[in-house]
Amino acid sequence: MTAPASLFEALEPLLAQVAKPIQYVGGEVNSVHKAWDSTEVRWVLMYPDLYEVGQPNQGTAILYEVLNELEWVMAERTFSAAPDLAALMRQAGVPQFTLENHLPVSAFDVIGVSFATELGYTNLLEALDLAGVPLHAAERGDDDPLVIGGGHAMYNPEPMATFLDAAVLGDGEQVSVAIASIVRRWKSGGRPGGREGLLKQLAFTGEVYVPSFYDVTYVPDGRISSVTPNRPGVPKRVRKNTLMDLDEWPYPKAPVVPLAETVHERYSAEIFRGCSRGCRFCQAGMVSRPVRERSIDVIGQMIDTGLRSTGLEEVGLLSLSSADHSEIGQVTKQLADRYAGSNVSLSLPSTRVDAFNIDLANELSRNGRRSGLTFAPEGGSERLRRVINKQVSEDDLLATVSAAFGQGWRSVKLYFMCGLPTETEEDVLGIADLAARVVEVGRQVSGTRDIRCTVSIGGFVPKSHTPFQWAGQAPPDVIDGRLFALRDKIRADRRYGRSIGMRYHDGRPGQVEGLLSRGDRRVGPVIEHVWRSGGVLDGWSEHFSYDRWVAATDAALAGTGVDLAWYTSRERDEDEVLPWDHLDAGLARDWLWADWQDAIGEHEVDDCRWSACYDCGVCAELDTSIQMGPTGRTLIPLARVTGRA
Amino acid sequence: MGTRQPPQQQAPPVQKLRLEYSKRGRARFASHRDFARALERAIRRAEIPMAYSSGFSPHPRISYPNAAPTGAASECEYVELGLALVVEPDWVQRVLGEALPLGLDIIRVVPAEGPSLTERLQASRWLIDVVGVPRPVMEQAVASLMGAEHVLVQRQTKAGVREFDVRPAVLALSVVDDRTLDFTGRHEVPLVRADDVVSALAGLVPAFVLARPALVTRLAQGPWLGDSIGDPLVG
């Protein structure tokens, strides 16, 4: 294919008429501009949301560098056009474009879409439509791009099956290179077997899921009867991808520096991947096992390179539970030493509730202000925390906040979920008591009434590949009822109520997320119906319409015998075929079921990093193992040569 | 924490540099805030020894007088940097130019002298692309505006619609070619922008209808010398 012409000239007059036009122009520092003809395989990487949300996404940033480092690959980015620009593009006939060279997305070989959340689904349909790429995989021809989904939502891609040519599970670094190589060989070999031939080559690897190669049948009551390959040689189950040596893949090295304002303005270094804490609600923790740490010296080098290549001043030490790195004390201390006296600030998102974290937080705030600390007990009562396996006692929590208040911190934010399995109104009201005790302890320890506790609550959404994949989701009215009762209880507390803030969202978007998380292929028409009736940007409260989703489920599921409640609030039996059972996250189904039974029985399970293996199945199934320190290594001192004339 | 003392006072700048830069092509769509972020990051990448403000969150000492609006291209934007060390202006021009994103280019760097930039940036000259308006209509509208004593326009602001007179700020306005106007305006409060002049022309002559929103480019900014704009970095 000859190089397509840039769309920028056609786009420029439209940009003068829209909000935040800077998000569409590209040209940022560290963006990669390659010549079309000098490459053989061309990718578009899409995060299906607005630039301000999508550009900071770590996964997309990693793949952008990994792919562009291959000289025969060209990878450009595209994001959702906001409704104001989308309308003008349709009017003016300007298709979905990439940011680097403003090329039409439809001219590329692969569109790789990162679904961190299911609420991005309608945004892919909008982008494909704007691109002029047929919406359904079955309608695409040899010259249309392959549309491949990745990201955590793709652990159950079934609701998107009809729109995706393929989906990949797990870490993208190696599999994206493997896909690019297969596409390269297929193109240079004269496209043997056409599009189907290419998809077969991908499917035969066992690491790329091609939904059209599997047939789904249903039993009369609506449950799935079977999911079976419909082509010879296609594996019965598709494995997730696991990157086993993070030190070998120190990405991103030089992430794109946005001109536009984005949700995160920091350099993030992933300090480890995976988590074996075993929180039963947490899909990320379950599917990303085993724990694989990055070494302290590599972390230090990534941060130095990252800050110098971007000019950013904030560093995030990223992981699912950052304080669990085996050398986190040294990592934070040595980084704090290195950047003492500079304007570089360090942050440690996702920390546990224990006093050790206060030491870390103190270290990271050496020259800054001690404003607020965040902890996530997740469940309001000890009983409920046993159910979800969040091993935090009330004493732990109070000891931790007491230490924090004693060392100058003045506000604490606590994260909880509402609608957890076995939860009662009493469990949720327990949050008010806990918050009141936090304030009480804070006032005592600090000797001031200037203490604040903010409670932030989200509705729980059961996810695939977790022990709660069988659970019934609490309907929106139940969640809302409990949240209002909690709000009233906090308001009625005369002693502490005014020091407690409460932030929550209503339960309705969570129900839609639940439908998309545990849905099957029959949910595809619902998504399409929503998009056709104008639904996009479902992650934005100003765009999300619950009524539109309800109307779409009524219309698109009519005659199937199943409905919104069937997908969300219904508890599943052990023997029910789940839509994602043919997708292998490494977890043994028997273990997940046993852990679900343990949850109901309020039995906890320990972290396998520090106690015995409990046979979740991942290491045996995928031939992987836990990789952790301590390594005893240290940060390599920076040799800085500043060429100031 | 409330009782904690702010960090020690930062030293005042030892050198001030004035930069002239352009905003072209895709970078025209950068807002003032977008540019400020890009410049501050470029300064850190280039390791320019900035002086910082005091307080809990010190900021590099940079002043941004009279930035062009989002969507406007410009050949002549100005900022002033306060530095912690004395450096060569040419070095700053080179390293900063390399560190800035596409479309933002440093044209000149000179040591700050004399009156402040804000005092010197008295007027701007703009080219306005009014594609779709017939030439006679352009001529008629320009003559009509220049002949009037007051021309009121309305602009949507955060506080609602406000009405003001654009005419006193118009120092010169002429037709360059079949789609371009040349406008020189004095910086007043409220600032009369090229967009406001387009609204004024449309208000005066109903046939003054653009095929698409006007694209504007600032050509010069500086002291008003009575018949032209002077160089704000000299004298």
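## How chains A and B meet

The contact (heavy atoms within 4.5 Å) takes 43 residues from chain A and 33 residues from chain B. This is a predicted model: local features need pLDDT of at least 70, side-chain atom pairs count only at pLDDT 80 or more, and totals for chains, interfaces and linings use all residues. Residues are numbered from 1 along each chain as written, chains are lettered from A in the order written, and side-chain values use heavy atoms, without hydrogens and water.

| Interface of chain A and chain B | Value |
|---|---|
| Buried area | about 3100 Å² |
| Share from carbon and sulfur atoms | 56% |
| Salt bridges | 5 salt bridges |
| Polar contacts | 12 residue pairs, both at pLDDT 80 or more |

Buried area is the accessible area (1.4 Å probe) that two parts lose on being put together, summed over both. A salt bridge puts a side-chain nitrogen of Lys or Arg within 4 Å of a carboxyl oxygen of Asp or Glu. Glu313(A) forms one with Arg44(B), their closest N and O atoms 3.2 Å apart.

The largest nonpolar core has 168 residues. Its members are buried (under 20% relative accessible area, 1.4 Å probe, protein chains only) Ala, Val, Leu, Ile, Met, Phe, Trp, Tyr and Cys residues, joined through side-chain atoms within 4.5 Å. Trp43(A), Leu85(A), Leu39(B), Ile48(B) and Leu96(B) touch the most other members. Leu85(A) touches Leu11(A), Leu14(A), Leu15(A), Val18(A), Tyr24(A) and Phe97(A), leaving aside residues up to four places away in sequence. Another core, of 39 residues, lies apart; Val392(A) and Leu434(A) are among them.

Terms used. Buried means under 20% relative accessible area, exposed over 50%, partly exposed in between (1.4 Å probe, protein chains only). A polar contact is a pair of N or O atoms within 3.5 Å; within protein, one must be able to donate a hydrogen and the other to accept it, and residues adjacent in sequence count only if both atoms are side-chain atoms.
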